[in-house]
Structure formats: structure tokens, C-alpha cells
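These are my notebook entries on a protein model. I set out to look up a few local features and to record each one briefly.

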Amino acid sequence: MKFDVLCHINASGCTPSSLYTAVANQMLFSKPSKALIRCDISLDAPYIMVEIEELAQLDRQTKCLLLLSQLLENLDITTLRKTSRISQIAFVLPQDELNNPIISNDTLSELLAEVISQQVPDFIQSTAIDFKNIAPDTLIIAVDSCVSYQYVSTQAKNNVVQVLDGPPGIINGEGGCALLTHGQGGLEAQLFNGELSEQLNQAQACVNDTYLFAGKQSLAWQKKWFANTQALYSPEDELIELANLNNTIGHQGVANDPAGFVLANSYLNNPLNEGLQHVFLLFNSPNEQLIKISRSENS
């Protein structure tokens with residue numbers, strides 16, 4: 001799959017260089033919540049979150065609408081014109097507690113009509129994107145906000161959420177991005193199959209590669225990652241350092257996988273990384289997925 005990153009918004013800002021700087025230097029934008037969540041039968045604690053300050057007082061739907069509007073206004077039209085025709089627009093957006101989209105298709109049509117003067121292309125709305133089977137010339141636009149008490153308290157029933165002074169867990173955030181898959185894309189993504197150990201083997205991964213993690217953090221995951229990478233080490237090697245997207249800008253819910261591609265773009269297009277040939281992007285939810293991202297012959 002070849003693609004370009006058109007634009008993004010998160011706590012680090014809207015430029016690839018600021019995202020790279022934030023993640024590479026492990027900068028923290030997080031803060032504890034004022035509300036307490038129930039972690040287990042014996043502990044209530046503030047959860048750790050990464051909020052975009054300008055959106056702090058708004059509800060989830062309004063936040064997502066504003067993020068979406070901002071992304072549409074900032075689409076990279078020059079890159080869009082490299083594809084002869086956008087085959088479809090894929091919106092990756094959250095649903096409410098009743099599994100209804102928090103932004104309706106009618107609203108999406110209105111937003112598109114404001115920024116695309118010609119006939120609005122077909123669009124679909126979902127809560128996930130299948131990068132293994134995505135069609136060429138697809139515009140992917142993803143946003144989510146995961147910092148509300150209602151969201152995090154529900155999430156904590158099934159996942160380990162990072163709380164103040166607690167064990168490793170998910171740090172929630174908010175943001176969005178727009179990607180374009182097309183034949184002239186400046187980056188190329190190669191996906192692998194099988195168990196994580198098989199994927200690492202297929203990718204010919206080694207200790208000195210650059211690994212970007214865009215998944216759900218937990219102690220169980222850390223143990224699983226180490227178990228699957230033990231075969232890569234020789235006695236003198238240092239431990240692989242995972243550049244962790246979500247520790248920096250927070251887990252962005254349904255928009256988190258596309259945000260991982262934005263992070264890869266920021267690494268590969270940073271002048272400091274001119275000699276970097278590729279990066280490995282790693283997800284672990286719902287399944288482990290390793291993706292090798294490199295510059296394409298078009299870049």
C-alpha cells in the first residue's frame with residue numbers, strides 16, 4: 001500500500017516535526033483527571049489523559065466535529081490532485097453507547113460539500129479501517145476523543161487504564177488525521193501475516209531497527225513483546241526501545257491506527273533521519289500487527 005499523510009491534529013500540534021520531536025524525546029503532555037475511576041475492588045484513582053487544551057470543556061461529539069472540520073479545511077489539495085480520482089472517502093469515526101455514529105452521514109455530506117466544490121465522492125463510515133484490503137485512491141479521515149469520564153470508565157472494564165501511580169496501562173487522548181492511498185504515494189506500507197513471532201521473522205526484523213508502537217500499553221503486553229523478540233537478541237545487544245505514540249499524545253480510539261501511520265511519516269520525513277531506510281509500526285489491538293513502512297520510489 002502506498003500512501004501520503006495529508007494532515008493531522010493532536011496534542012503535539014499539526015506539524016510532522018513536532019510529532020517526531022515529541023515521541024522521539026518522550027515528551028509528556030498528559031495530566032491526571034479530576035474524576036476518579038474504579039480500577040479494581042480496592043482502588044479508585046485519577047486516570048491519566050492527554051487533552052487538547054482548546055477542546056477541554058466540550059463534549060465528545062462537539063470535539064469530533066471540530067477536529068473533523070479542521071482536518072477537512074487543512075487537506076493537502078496538491079497531494080490530492082496527484083490521484084486522477086478519489087475512489088472513495090473512508091471516515092473512521094466513533095459510535096455512542098448505543099452503537100450509533102456520533103456524527104451522522106448527513107452531517108458528513110454537509111461538511112464535505114463545504115470543502116469539495118465538485119460532486120462529493122462516495123463515502124463510507126466505520127469504526128475501523130482494513131489496511132490490508134484498502135482500495136487505491138482512498139481518502140481516509142479519522143478522528144476520535146477518548147478522554148471523557150464516561151469513555152474511560154467503560155474502557156477500564158475490559159482494559160488496563162493508566163491511573164496515577166498505577167501499573168502500565170492505556171493513556172487516552174484525542175485527535176485526528178487524513179491519509180491518502182494512491183499509486184504516487186511517498187511512503188509504502190508492507191503488512192505481514194501470522195503470529196507476532198512469524199511477522200517479525202517475515203519482516204527480517206533486527207534489534208537495531210526503529211520500532212514505533214501505536215497500541216494499548218499493559219504489563220501483559222510488555223511481557224508478550226519481550227517473549228516474541230527474545231530470538232532477535234545476541235548477548236551484547238541492548239533492549240529494543242519502542243517509540244510509544246500513546247504515552248506521548250494518548251490513545252486516540254478508532255483514529256489510533258491511522259495516527260500510527262502519521263507517526264511513521266514524521267520519522268521518515270524528518271531531516272535528522274536521512275539515513276533511516278524504514279521503520280516498523282506495531283499495533284496490538286485487536287491483534288498484533290507489524291507493518292514495515294519505507295519511502296517509496298516516488299519520494
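Which elements are included in what covers the buried residues of helix 4? I note at the outset that the model is predicted. I found that the cover includes helix 2 (60-73), strand 4 (88-92) and strand 5 (123-126).

**Entry on helix 4**

I listed the buried residues of this helix, which spans residues 105-115, as Leu 108, Leu 111 and Leu 112. They lie on the same side of helix 4 because they cover an arc of only 100° around its axis. I then looked at the face turned away from that buried side, and it carries the exposed residues Asp 106, Glu 110 and Glu 114.

**Entry on helix 7**

I looked up helix 7 (residues 219-229) and recorded Trp 221, Trp 225 and Thr 229 as its buried residues. Down the axis of helix 7, these buried residues fall within an arc of 55°, so they line one face of the helix. On the other side I noted Ala 220, Lys 223 and Ala 227 as exposed. I also checked what the buried residues of helix 7 pack against: helix 6 (196-202), strand 9 (211-213), strand 10 (242-244) and strand 11 (278-283).

**Entry on Asn 270**

I located Asn 270 in the loop between helix 9 (256-268) and strand 11. Is Asn 270 buried or exposed? Asn 270 counts as buried because its relative accessibility is 9%, and the cut-off for buried is under 20%. A polar atom of the Asn 270 side chain lies 2.9 Å from the backbone nitrogen of Leu 272. Leaving aside residues up to four places away in sequence, I recorded that Asn 270 touches Ser 17 and Tyr 20.

Key:
Residues are numbered from 1 along each chain as its sequence is written. This is a predicted model: local features need pLDDT of at least 70, side-chain atom pairs count only at pLDDT 80 or more; totals for chains, interfaces and linings use all residues. Side-chain values use heavy atoms; hydrogens and water are left out. Buried means under 20% relative accessible area, exposed over 50%, partly exposed in between (1.4 Å probe, protein chains only). Helices (H or I, at least four residues) and strands (E, at least two) are DSSP runs, numbered from the N terminus. The arc is that of the directions from the helix axis to the C-beta atoms. Contact means heavy atoms within 4.5 Å. A polar contact is a pair of N or O atoms within 3.5 Å; within protein, one must be able to donate a hydrogen and the other to accept it, and residues adjacent in sequence count only if both atoms are side-chain atoms.
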